[in-house]
Amino acid sequence: MCKSNLLMPESATIQEVVQETANIKTFRITLDDEQKMKDFSFMPGQVGQLTAFGTGESTFVINSSPTRMDYLQFSVMQVGEVTQRLHQLRPGDTVGVRAPLGNSFDVESMKGKDIVFIGGGIGMAPLRTLLVYMLDNREEYGDITLLYGARSPADLSYKTDLDEWKQRDDINIHLTVDVETPDWDGTVGLIPNVLKDINPASKNGVAVTCGPPIMIKFTLMALQELGFEDDQIVTTLEKRMKCGVGLCGRCNIGSKYVCIDGPVFTYAQLKELPAEL
Amino acid sequence: MGRKYIAENDVIAWLDTLADDNLVIAPVAETGTVIYRPYLPGTEVELTNRPVSSPKEAVFPQTELLFSYKQDKDPEHPDRTKVDMKEATPDRSTVFFGPRPCGTRGISMFDKVYNCGKMQDAYYVTRRENTAFVTIACSRPDATCFCHSVGSGPADTEGSDVLLTPVNGGFVAEAVTDKGKDLLASPLFADAGKLEQEANAVVEKAREMLGDPHDFSEAESSLYNLFDDMDFWEEQAAKCINCGACTYLCPTCHCFNITDQNVGLSGRRIRTWDNCMSFEFTLEGSGHNPRPTKAHRLKNRLGHKFAYYPENNEGLVACCGCGRCIERCPSGVDIRAIVLAAKERSNVQK
Amino acid sequence: MSLDQLKRLIKAVLPDLDMVIGWEQGHDCLTASPVFIKTEEDIEKLQIGPLAVHNLATFLPGLKGKKVGVVVKGCDSRAAVQLLQEKLIDQADVTIFGFGCNGIISHAKLRKQFNGMGRASSMTQNGDTITIEHDGETTTLPFNDVCADKCLTCEHPNAVIHDHFAGERVERKPVTTENPALAEFEKLPLNERLDFWQEQMSRCIRCHACRNACPMCVCRDHCLATSREPNWIGQDTSPRENLMFQMTHTLHLAGRCVECGECERACPMDIPVFLLRKKMADEVKSLFDYDAGIVLDAKPPLMTFETNERNIKE
């Protein structure tokens, strides 16, 4: 058909698979069409639909930064049919990609601000792409603080990235776990509590947070206690998306579609929507 | 072009000539229900009773092939597979004959979602370009009809290419679009002349039979006000049995599912109608469901039609007032009653 | 009068219940609709009669945990019995109001008769005829011509289980022993039967009204029709997949179907799906001499066995 077909995936090859945790794998893929890979552009926060041929499609944030285009990275937590099939794939296998979809973080308005990243579990995935983007454009942003928590040390992803970032002096890294193990000598505590201990300044701050619903709820409360206004808090929503292009009617919250008007929303925007998360 | 006229006996001949170059779809009565079937010379076309299905299937088939795929072993690297995808291209020129205005109006609502500036659905747009809708104006509304309460009427031309109004012995025909003009070029059509007045009278009578419209103003604000009032929605949803009859018969409902149907190493990706009344519609992989009960889902359905869609489309209500959902709901859930109850409840809360 | 007595019975017990499910006036003179009675004012909306077509027992499993009253005619009460047998509802939480039914209307038959139902302005029943005013014309028909097929073969017009019974017991005998539609279908030679179902299933829109209206459906939100793992039935709406669903649902009902016919009544495309279930129920009857939903402590034949089955030659 002569129209560009929003529902037709591009074929792509898995270059590398990294086992992050027991149930999270990171896939680095390249589009098979070299020109399209060269022309591919996106901004942090945008997502893609990955096809495991024979099983189906599922939505994942593009986890790499647009400043590093050797590959497109997606982190996949195994929860259902499609993710299970994806986890069986290996380097050299073909997947389908429909990307980029959705909106992105408002990096322009974040320039000059002090950024606080708060990620819980797989919620770290969308934060990573923005964090790397900012580190690659470091002078444009103020202080950068990362608070990343998971249930246990074994559930922390991006260990290579974390080791690299800990070596830098232009980013503050705080890791925490809910349940410690003998080899853990870091903080033990729930994210909202640790956040309050860190006590980031709200005056020039932007908080970017993502994680399980219960974590978001209490993190929001903590941020408000610390003085963050609603439009200083940004999150990205996970919702069951099918078409990813505003057609199938599934991902709406009120009159907004998470796949077009989101998945990135400020808390101020979320408050205007009906409470249906 | 002024209006034309075709005798009832010539309608079949007209469809026969159209069938030479087009796929013609026409209403056929089966077991007391009227549905759309491909027309072939000899098919008995039902012209009086309104089809129970809506015309959306012309541009939004219940099952649509998106593409087929085949996984092949890579001969250079036997442990790898590569995939060939073959896009499906609907390209049949179609004349869709026999819907009522309350059905075809739904097509123009689809246009605003599937063919708007932001997003274009390639399959829909292709079918839409290749399809002409020949609508029959309504001369006898049912008790469940309320097209006039949602900005429509018995002779609404939204979405149609030709509008036929039944008169004594035949139909007065109006070309709504250029595509429609071409269809009426057949020598079976004469000038309507004085019959235009009879056609107008038929439509007027239908309007009278509809009675007074319901007042759905403020539906949007009422529904937003009641979003957290789960007691109200539980009461309204009590008799709903969560099937998809209302959704699938509705001319404007456009939600779909995408699934891969696999046989060995090859398969098809299809999209199929889906309905927001089912539990699994918003069920997430983690097990969390934003709309866990039928009350939540009924609220979303009403919200979408009378609040969210209008908010995104300058107040246009995503309901044609055809009443199919009321007539065929196994429990008799009445969308008109729910909207009016929402208004009343919202006013009381103020 | 049954209705008045029924209202009094409900009024007396309503304070102890969360709700009572009955019927009320529908959107026109030819329809009724389920009503969930919670207050004394609600009781006034109650209606019974030939328009009370819905099997209200179907709402009971979804209301487990609440104290619910339900009004049932004969066929509905069989569903209540079956639900109790299978422990899908708790006897302690359910109060059953039974009455004697004189038959219900089939809207599908009325649609065929009047070429669409939408403009009826009145309906009255006089003994064994029914008079409908439609489009300015008055038509009187024998009730047996427009009642549901199940009413013609009904052997249980009075509720078979009840905590309260309103009105007199009805003395109504079956008009015929064979379901007329099934008898008609069985005249078809085998090779034409599949054609019949291919055509019927090509109208099916997979709305699952048949499944959701069935009181005995247990799978509900976790139906195999929408299961991906394993993928029993494709999502494509071909006659083949549609028929696969019908067959599966019918088999799920073997020995459990109470022949209430709600599946067919609910179908918006007027597909005679009850033929499949009725045939299944007849097979069970001839193999095991068993009718579902009659005796509370009976054991459904497919949930037990005899060491020597009477009608199965091994």
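**View 1. Crossing of helices α7 and α9 in chain B of the predicted model.** In this predicted model, helix α7 (residues 230–237) of chain B and helix α9 (residues 294–312) of chain B have axes that come within 8 Å and cross at roughly 90°. An angle of 65 to 115 degrees counts as roughly perpendicular, and α7(B) is therefore described as roughly perpendicular to α9(B). On the α7(B) side the contact is made by Met230(B), Trp233(B), Glu234(B), Gln236(B) and Ala237(B), while α9(B) contributes Lys294(B), Ala295(B), Leu298(B) and Lys299(B). Sorted by class, the residues in this contact of α7(B) with α9(B) comprise 5 nonpolar, 1 polar and 3 charged.

**View 2. The two assigned domains of chain B and the contact between them.** Domain 1 of chain B is assigned to residues 4–60 + 89–209, and domain 2 of chain B to residues 219–256 + 276–349. The centres of these two domains of chain B, taken over C-alpha atoms, are separated by 28 Å. Where the domains of chain B meet, 24 residues of domain 1 are in contact with 18 residues of domain 2. The side of domain 1 of chain B that touches domain 2 of chain B is made up of 11 nonpolar, 9 polar and 4 charged residues.

**View 3. The two assigned domains of chain A and the contact between them.** In chain A the assignment gives domain 1 as residues 10–101 and domain 2 as residues 107–236. The C-alpha centres of domain 1 of chain A and domain 2 of chain A are 24 Å apart, and the contact draws 16 residues from domain 1 of chain A and 15 residues from domain 2 of chain A. On the side of domain 1 of chain A that touches domain 2 of chain A, there are 8 nonpolar, 7 polar and 1 charged residues.

**View 4. Contacts between the chains.** Between chain A and chain B, 36 residues of chain A are in contact with 44 residues of chain B. The side of chain A that touches chain B holds 14 nonpolar, 15 polar and 7 charged residues. The contact of chain B with chain C takes 36 residues from chain B and 34 residues from chain C. Within chain B, the elements β3 (33–38), α8 (245–249), β11 (256–263), β12 (266–273) and α10 (324–328) each supply at least two residues of the side that touches chain C. This side of chain B divides by class into 13 nonpolar, 16 polar and 7 charged residues.

**View 5. The largest nonpolar core and the surroundings of Phe117(A).** The largest nonpolar core has 253 residues, of which Phe117(A), Ala207(A), Val134(B), Ala173(B), Leu6(C) and Val70(C) touch the most other members. Helix α4 (residues 124–136) of chain A gives the most to this core, with 8 residues. When neighbours within four places in sequence are left aside, Phe117(A) is in contact with Leu127(A), Leu131(A), Thr145(A), Leu146(A), Leu147(A) and Val208(A).

**View 6. Two cis peptide bonds in chain A.** Most peptide bonds are trans. In chain A, however, a cis peptide bond joins Ala99(A) and Pro100(A), with omega at about -5°, and Pro100(A) belongs to strand β6 (residues 94–101) of chain A. Another cis peptide bond joins Gly262(A) and Pro263(A), with omega at about 5°. Pro263(A) is placed in the loop between β14 (256–257) and β15 (264–266) of chain A.

View 7. Most residues other than glycine have a negative phi. Asn199(A), which is not a glycine, has a positive phi near 55° and lies in the loop between α6 (191–198) and β11 (205–210) of chain A. Asn199(A) is exposed, having 8 other C-beta atoms within 10 Å. In chain C, Asp135(C) likewise has a positive phi, of about 55°, although it is not a glycine. Asp135(C) is located in the loop between β6 (129–134) and β7 (137–142) of chain C, and it counts as partly exposed, with 13 C-beta neighbours inside 10 Å.

**View 8. The loop position of Gly227(A).** Gly227(A) is in the loop between α7 (213–225) and β12 (233–236) of chain A. A residue counts as exposed if 12 or fewer other C-beta atoms lie within 10 Å of its own, and Gly227(A), with 12 such neighbours, is therefore exposed. Gly227(A) and Lys203(A) are 24 residues apart in sequence, with their C-alpha atoms 7.8 Å apart in space.

Conventions: Residues numbered from 1 in each chain as written. Chains lettered and ligands numbered in written order. Predicted model: local features only at pLDDT ≥ 70, side-chain atom pairs only at ≥ 80, totals over all residues. Contact = placed C-beta atoms within 7 Å. Helix = DSSP H or I, 4+ residues; strand = E, 2+ residues; numbered from the N terminus. Nonpolar A, V, L, I, M, F, W, Y, C, P; charged D, E, K, R; others polar. Domains from an automatic or database assignment. Core = buried A, V, L, I, M, F, W, Y, C linked by C-beta atoms within 7 Å. Buried ≥ 20, exposed ≤ 12 C-beta atoms within 10 Å, placed from the backbone. Axes fitted to C-alpha atoms, helices over the stretch in contact; angles between N-to-C directions. Parallel < 35°, antiparallel > 145°, perpendicular 65-115°, else oblique.
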